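Colleague: I'm new to this and would like to learn how to read a structure. Could you take me through one, a feature at a time?

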Amino acid sequence: MKHLDEYRDVALVRGVLADLHRRVTRPWVIMEICGGQTHSIVRHGLDQLLPDAIELVHGPGCPVCVTSLELIDKALAIAERPEVIFTSYGDMLRVPGSGRDLFAVRAAGGDVRVVYSPLDAVRLARENPDRQVVFFAIGFETTAPANGMSVLQAKALGLQNYSVLVSHVCVPPAMHAILGSPLNRVQAFLAAGHVCTVMGYWEYEPIARRYQVPIVVTGFEPLDLIQGIRLAVEQLENGRADVENAYSRVVTREGNPAAQQVIAQVLEVCDRNWRGIGRIQASGWKLRPEFAEFDAELRFEVQGLHSEESPLCIAGQILQGLRRPGDCSAFGQACTPEHPLGATMVSSEGACAAYYRYGRSSGRAGAEEARGTGEMDEG
Amino acid sequence: MCLAVPGKITEIYVRDGLTMGRLDFGGVAREACLTYVPEARVGDYAIVHVGFALNLLSEAEAQATLETLRQIVDFDASQAGAGETA
């Protein structure tokens with residue numbers, strides 16, 4: 001496929017990797033923010049081809065993983081109501097709430113449906129005027145334009161049976177939280193390419209300056225990722241801390257103005273609880289008051305919930321780059337994708353799920369044996 | 001969720017007031033909302049995310065990036081070759 005195969009060219013990836021190996025003179029810790037990048041790195045075996053001095057730690061950019069337990073419990077309570085068709089991106093269905101998930105609600109008779117786009121949920125509302133259609137509007141800056149447009153579209157169509165359970169989170173406040181922690185180890189970031197497609201990367205310039213960390217906007221294919229890491233290392237080795245764009249075929253500094261305009265029209269900044277991490281000030285978006293009629297939290301009063309996390313799960317520390325999936329006593333034992341204790345084992349973007357699926361029992365174990373056996377030539 | 005794949009726009013139309021398109025993802029056809037890429041034309045490649053095109057791919061930037069990377073690899077190879085003969 002055009003615009004895909006070129007970035008999986010084995011010879012080119014190996015060539016850029018060789019250049020990266022020559023540049024590294026000492027250990028560096030680099031965080032890829034986005035869970036999609038985590039999966040691509042582990043799937044293609046890139047983590048095992050890097051110089052030993054480069055440690056990649058996996059960031060919190062997995063929307064399914066950081067959606068708060070309280071909101072998941074709220075979703076479960078709304079989904080089991082008989083008048084409701086509860087719609088969601090597929091990843092959310094197996095995320096454990098306090099003791100059960102959306103699949104369990106469906107098995108018990110709840111009408112829970114997976115949609116590909118929030119516009120599918122709007123269509124369901126139109127086709128089922130006697131039912132209440134609720135969409136679980138989760139995600140980072142990447143899903144906000146879609147989720148926001150679904151509300152505008154429902155309003156334009158005069159729908160009174162569509163609402164959204166909003167759980168939006170934003171990348172820059174999470175970076176502040178990670179960099180401001182006394183436990184922080186991250187020295188450079190790969191910024192999430194598709195978040196930047198929407199928002200641009202001007203927001204990251206003050207972060208790079210304030211904390212003196214290089215930030216490289218990076219894509220998702222093997223060549224994109226290796227080049228992103230190479231540019232980050234080049235900056236680290238030269239003592240620079242700039243924002244660079246290694247994904248310029250898609251991302252501009254300003255981002256997508258039409259998408260930003262809809263976000264600003266429908267959503268406003270709010271504090272958010274990040275699952276496993278805790279409350280981060282001004283780290284998310286909620287519906288603006290003028291769209292209150294579409295707010296599922298107001299439409300369905302849910303009370304008396306008592307949310308409780310598994311005591312074994314260390315997802316919060318994994319999402320902050322402090323520990324690795326293999327450090328968890330439950331990994332692959334009490335916690336598997338079929339029976340996840342925490343959200344990082346569920347999502348296609350969760351670090352634990354990536355390690356489980358691609359056979360990484362812990363950090364760099366087996367890296368030497370596996371070197372060169374990655375799947376770069378797959379696509 | 002974030003692994004948006006580029007698709008080629010094969011058709012553009014309006015439905016319920018929204019600009020929509022049909023895109024070809026390596027042989028798989030899917031619909032996406034094009035409201036955030038008003039400049040889109042049939043034949044353009046777009047990055048699509050949960051049913052919405054978030055941006056069009058810049059052919060010029062793609063070529064420039066690949067050219068830069070090829071130069072890095074060629075330069076390194078020539079340096080390595082020079083080292084061997086020296």
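Modeller: Let's start with A:I229, which is buried because 28 other C-beta atoms lie within 10 Å. The cut-offs are these: buried takes 20 or more other C-beta atoms within 10 Å of a residue's own, exposed takes 12 or fewer, and partly exposed is in between, with C-beta atoms placed from the backbone. This is a predicted model, where local features need pLDDT of at least 70 and side-chain atom pairs count only at pLDDT 80 or more, while totals for chains, interfaces and linings use all residues. Residues are numbered from 1 along each chain as its sequence is written, and chains are lettered from A and ligands numbered from 1 in the order in which they are written.

Colleague: Where does A:I229 lie, and which residues does A:I229 touch?

Modeller: Helices (H or I, at least four residues) and strands (E, at least two) are DSSP runs, numbered from the N terminus. A:I229 lies in helix α11 (residues 222-238) of chain A. Two residues are in contact if their C-beta atoms, placed from the backbone, lie within 7 Å. Leaving out residues up to four places away in sequence, A:I229 touches A:L20, A:I30, A:L50, A:I54 and A:L190.

Colleague: Which residues of helix α8 of chain A are buried?

Modeller: In α8 (residues 171-180) of chain A, they are A:V171, A:A174, A:M175 and A:I178. Look down the axis of α8(A): its buried residues fall within an arc of 100°, so they line one face of the helix. That arc is taken over the directions from the helix axis to the C-beta atoms. The buried residues of α8(A) pack against several elements of chain A, including β1 (28-34), β2 (54-61) and β11 (278-287).

Colleague: How do I read two helices that pack together?

Modeller: Use their axes, which are lines fitted to C-alpha atoms, for helices over the stretch in contact; angles run from 0 to 180 degrees between N-to-C directions. Under 35 degrees counts as roughly parallel, over 145 as roughly antiparallel, 65 to 115 as roughly perpendicular, and the rest as oblique. Take helix α6 (residues 118-127) of chain A and α7(A): they pack at an angle of about 25°, with axes 8 Å apart. α6(A) and α7(A) are therefore roughly parallel to each other.

Colleague: And what about α7 and α12 of chain A?

Modeller: The axes of α7 (residues 144-156) and α12 (residues 257-266) of chain A come within 9 Å and cross at roughly 60°. So α7(A) and α12(A) are oblique to each other. On the α7(A) side, the residues that meet α12(A) include A:A144, A:G148 and A:L152. By class, this contact of α7(A) with α12(A) has nine nonpolar, one polar and no charged residues. Ala, Val, Leu, Ile, Met, Phe, Trp, Tyr, Cys and Pro count as nonpolar, Asp, Glu, Lys and Arg as charged, and the others, Gly among them, as polar.

Colleague: How many residues of chain B are in contact with chain A?

Modeller: 33 residues of chain B are in contact with 43 residues of chain A. α1(B) gives the most to the side of chain B that touches chain A, with nine residues. By class, that side of chain B has 21 nonpolar, eight polar and four charged residues.

Colleague: Is B:V50 buried or exposed?

Modeller: B:V50 counts as buried, because it has 23 C-beta neighbours inside 10 Å. Its phi is near 40°, a positive value in a residue other than glycine. You'll find B:V50 in the loop between β4 and β5 of chain B.
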